[in-house]
Amino acid sequence: MAGKAGNKRDANHLRAPAVDSKKPKTNNGSITSFFGVPKPKVIGPIPTSTPSPSSSFNKLKWVSSLTSEQKELLQLEIDTLDESWLAQLKEELVKPEFLGLKRFLCKERQSGAKIFPPEEEVYSWSRHTPLHQVKVVIVGQDPYHNYNQAHGLAFSVRPPTPAPPSLVNIFTEIKNDYPSFQRPANKAGLLTPWAERGVLLLNTCLTVRAHQPASHSNKGWEIFTQKVIELVARVRTRGVVFLAWGTPAGKRVISINRARHYVLQSVHPSPLSASRGFFLNQHFKKCNEWLTERYGADGAIDWSLSSKRNTSNPLAMIQNPDPADNSKSPAAKDSGFHLSEDVIGGTVKAADGFEDDLEALEALAAEMTG
């Protein structure tokens with residue numbers, strides 16, 4: 001059984017970067033064994049395996065139905081989009097809007113522009129989190145636009161790149177919910193373990209020009225990723241948790257059926273907005289409480305990314321503060337973000353070179369000028 005095998009795996013496997021070109025191994029590890037979430041009422045048993053929506057999809061037949069131009073434009077999707085997603089999104093790929101997007105990207109590359117993430121990682125989210133395994137959707141915005149940052153998963157970065165400020169604040173909030181949580185070693189920010197546990201880390205725009213944030217916005221990606229979100233809401237009928245941080249992400253989940261799914265919204269975790277409602281929102285704990293009600297204990301997400309702590313009494317760690325943690329309150333913690341002297345009228349960057357959230361910057365500007 002996949003779930004039983006997943007529980008036997010040593011937590012040390014989380015330290016090694018996953019390879020995007022391979023499909024992730026199923027990992028049904030429960031946060032109850034790590035963090036000890038209480039068991040609410042269970043609504044039916046969780047299936048040990050779920051049939052893939054692509055089981056009846058004939059990929060070769062579909063590819064043979066494409067025109068020569070469509071095959072050329074869609075080669076990346078044919079080669080790297082996981083079949084569970086391709087089977088459901090194939091009609092979107094041949095629409096004029098998406099083909100126009102692909103023509104735009106071709107021209108970008110022909111002009112010599114450097115595009116992030118690397119081409120083979122644009123759809124890594126689909127391979128790490130097949131459609132039939134999605135339990136949580138975290139909605140991001142634009143990919144990181146510097147070297148060795150974006151790799152196809154929202155908020156995630158590969159080693160040795162340190163976690164950007166917004167992700168540091170996400171880690172801080174997880175620790176607020178689960179005091180036994182430990183940040184990855186070496187200030188890392190690789191989130192593939194979450195993706196392999198059913199957390200879809202989806203940016204609304206999937207590519208960007210190097211050093212030019214939002215340069216590929218409004219070119220067609222937003223239409224496509226909105227269809228991805230709507231597809232999850234339609235296909236995952238038992239229920240999914242949507243985490244939407246910031247106004248742009250909130251707009252993406254407006255049409256979600258709240259009777260079937262659980263939508264959690266707040267301000268963005270950017271250092272410019274986190275203190276206005278992201279800290280102490282308890283989204284990670286609320287997410288798991290809802291999933292446990294729907295799927296049973298095995299439905300909760302194990303948010304751990306480090307194997308440093310192995311407590312024999314995880315429930316006590318949740319209920320009581322970490323006695324070894326003498327740090328300041330979340331809002332006062334140093335996230336590693338420092339404002340430049342010219343906040344208004346200039347570009348605000350983190351010390352590590354990451355662009356900050358545009359929405360949070362605009363909100364701060366309004367406060368300072370209003």
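Residues are numbered from 1 along each chain as its sequence is written, and side-chain values use heavy atoms, without hydrogens or water. In this predicted model, local features need pLDDT of at least 70 and side-chain atom pairs pLDDT 80 or more, while totals for chains, interfaces and linings use all residues.

Asp142 is placed in the loop between β2 (136-140) and α9 (165-177), where helices (H or I, at least four residues) and strands (E, at least two) are DSSP runs numbered from the N terminus. With a relative accessible area of 23%, Asp142 is partly exposed (buried is under 20%, exposed over 50%, partly exposed in between; 1.4 Å probe, protein chains only). A polar atom of the Asp142 side chain lies 2.6 Å from the backbone nitrogen of Ala214. Beyond four places in sequence, the contacts of Asp142 (heavy atoms within 4.5 Å) include Asn203, Cys205 and Ser217.

Leu305 is among the residues in contact with Phe171; the two C-alpha atoms are 9.8 Å apart, at a separation of 134 residues along the chain.

The whole structure has 2 cavities of 30 Å³ or more. The lining of the largest cavity includes Trp125, Asn203 and Leu206.

Methods. On a 1 Å grid over the protein atoms alone, a cavity is a set of points where a 1.4 Å probe fits but cannot get out, and a pocket is an open set with protein on both sides within 12 Å along at least five of seven lines; lining residues have an atom within 4 Å of a point. Grid points are joined across faces, edges and corners, and a volume is the space filled by probe spheres set on the points. A polar contact is a pair of N or O atoms within 3.5 Å; within protein, one must be able to donate a hydrogen and the other to accept it, and residues adjacent in sequence count only if both atoms are side-chain atoms.
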